[in-house]
Amino acid sequence: MFPLLETAVRVEPLEGEGLTNVLHLVTLADGRKAVLRQPKVARDLPKFVVPGAPEILAHNGRGDVLVEYVEGRTLADALPVSEEVWHSIGRAFHKIHRIGLLHNDVNLHNIIVNDGEATLIDWDNPGQGDPLHELAAFEEHLYLHGTVLPQAFWTGYGSTPDPDLLRVHRIAGCIGWLASEDWQEWEDDRTLSADKLARVRSWRRLLAKWLADQLRNDLLAAEVAVLQDRQRPEDRHEHRGPQHGE
C-alpha cells in the first residue's frame, strides 16, 4: 500500500473506539510508531495543513492514511481529568479556531491526553465554519459521556461564549445530527461490535431526551410569561407606560 510500510517490523490491529475507520498500529524499522487508518468507505483527503496535528507520513487517493502515533489515553478513557488537562484541551481548540479551522469530529475518542497535554487526532474532515458550532458539539459529546464542559476549558480557550448563543448552536446541531443518516448507516454496518452498536443507540436516546428537555423548558418558560401577563385589564392600564397620543 505505502512504500514506508515495507520497512515495518510489526503491524497489529489497534483496538480503537472509532466507528468509521479500520485501525492498525505500525512499528517502523527506525522505531517510530504510526497508525494506519483505512476508512470503511473511500473519501477525499483533508485539504488543510493543521498546526499541532499529528504528522501524516503517507496517504493515497482512497483516503488511507499513515499518521504519527500519539502516546496517551483518549479523553473518554481518561475522565475525570485535572484542570491542567482541561486548560490544554482549551488551548488546542483555540489554536485551530483562531486561524479559522474546525476539526469537525470532536468526539472524546479523538482527543489524546498525556502528561497534562492534549492533542486532537483523526483529522479526516477539517473545514471552516463558526467555532461555536464545534464548541457546542464538544459540549454535546461530553454530555453523552455523562459530564459537562468545565470552566477550566474556557480558561485555556481564552474566552467564554454567550451561554444562550452556545445553547442555540447546540440545539441546532442536535436536531441536525438526529436527522442525519448516521444512525441508519451504523445500524447497517455489520462490522460494528455489539458494544459499539449499543453505544450509538444510547447516544441517540440521550440526544432525543436532551432536545425534548430543552423544548419542554422553553415551553414552560413561555407559559409562565403568559400567566404573568394575565393581569386585570385595569392593572395593565395602570402600569403601562405612556402611549402615543396621550
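Reply: One definition comes before the helices: the expected span of a helix is 1.5 Å times one less than its number of residues. Note too that this is a predicted model.

Me: Which residues of α2 are buried, and what covers them?
Reply: Buried here means under 20% relative accessible area. In α2 that holds for Val85, Trp86, Ser88, Ile89, Gly90, Ala92, Phe93, Ile96 and His97. Their cover includes α1, β7, β8, α3 and α4.

Me: Which element gives the most to the largest nonpolar core?
Reply: This core has 29 residues, and Trp86, Ile89, Phe93, Ile111, Phe138 and Phe153 touch the most other members. At least two residues each come from α1 (75-78), α2 (83-97), β7 (111-114), β8 (117-120), α3 (131-144) and α4 (151-157). With six residues, the top contributor is α2.

Me: Which residues does Ile89 touch, not counting residues up to four places away in sequence?
Reply: Ile89 is buried in α2. Contact requires heavy atoms within 4.5 Å. On that basis, Ile89 touches Leu75, Ile111, Val113, Ala118, Phe138 and Phe153.

Me: How many residues are in the second, separate core?
Reply: Nonpolar side chains tend to be buried together in soluble globular proteins. The second core here includes Ile171, Trp186, Leu197 and Trp203. Its size is 14 residues.

Me: Which residues do ring pairs link into a cluster?
Reply: The structure holds 10 aromatic pairs. Ring pairs build a cluster from Trp86, Phe93, Phe138, Phe153, Trp154 and Tyr157.

Me: At the start of α3, which backbone nitrogen does a side-chain oxygen of Asp130 reach?
Reply: α3 has 14 residues and spans 20 Å, close to the 20 Å expected. Leu132 is among its buried residues. The oxygen of Asp130 comes to within 2.9 Å of the backbone nitrogen of Leu132.

Me: Which residue just after α3 takes a positive phi?
Reply: The buried residues of α3 include His141, Leu142 and Leu144. Just after the helix, phi is about 80° at Gly146.

Me: What separates the C-alpha atoms of Ser82 and Ala152?
Reply: Ser82 sits in the loop between α1 and α2. Ser82 is partly exposed, with a relative accessible area of 37%. Ala152 is 70 residues from Ser82 along the chain. Their C-alpha separation is 9.0 Å.

Me: Among contacts between residues at least 6 apart in sequence, what share joins residues at least 24 apart?
Reply: The protein has eight helices and eight strands. Of its 246 residues, 37% count as buried. Among the contacts in question, the share is 62%.

Notes: Residues are numbered from 1 along each chain as its sequence is written. Side-chain values use heavy atoms; hydrogens and water are left out. Helices (H or I, at least four residues) and strands (E, at least two) are DSSP runs, numbered from the N terminus. Buried means under 20% relative accessible area, exposed over 50%, partly exposed in between (1.4 Å probe, protein chains only). A nonpolar core is a set of buried Ala, Val, Leu, Ile, Met, Phe, Trp, Tyr and Cys residues joined through side-chain atoms within 4.5 Å. A polar contact is a pair of N or O atoms within 3.5 Å; within protein, one must be able to donate a hydrogen and the other to accept it, and residues adjacent in sequence count only if both atoms are side-chain atoms. Rings of Phe, Tyr and Trp (its six-membered ring) pair if their centres lie within 6.5 Å; planes under 30 degrees apart count as stacked, over 60 as edge-to-face and the rest as tilted.
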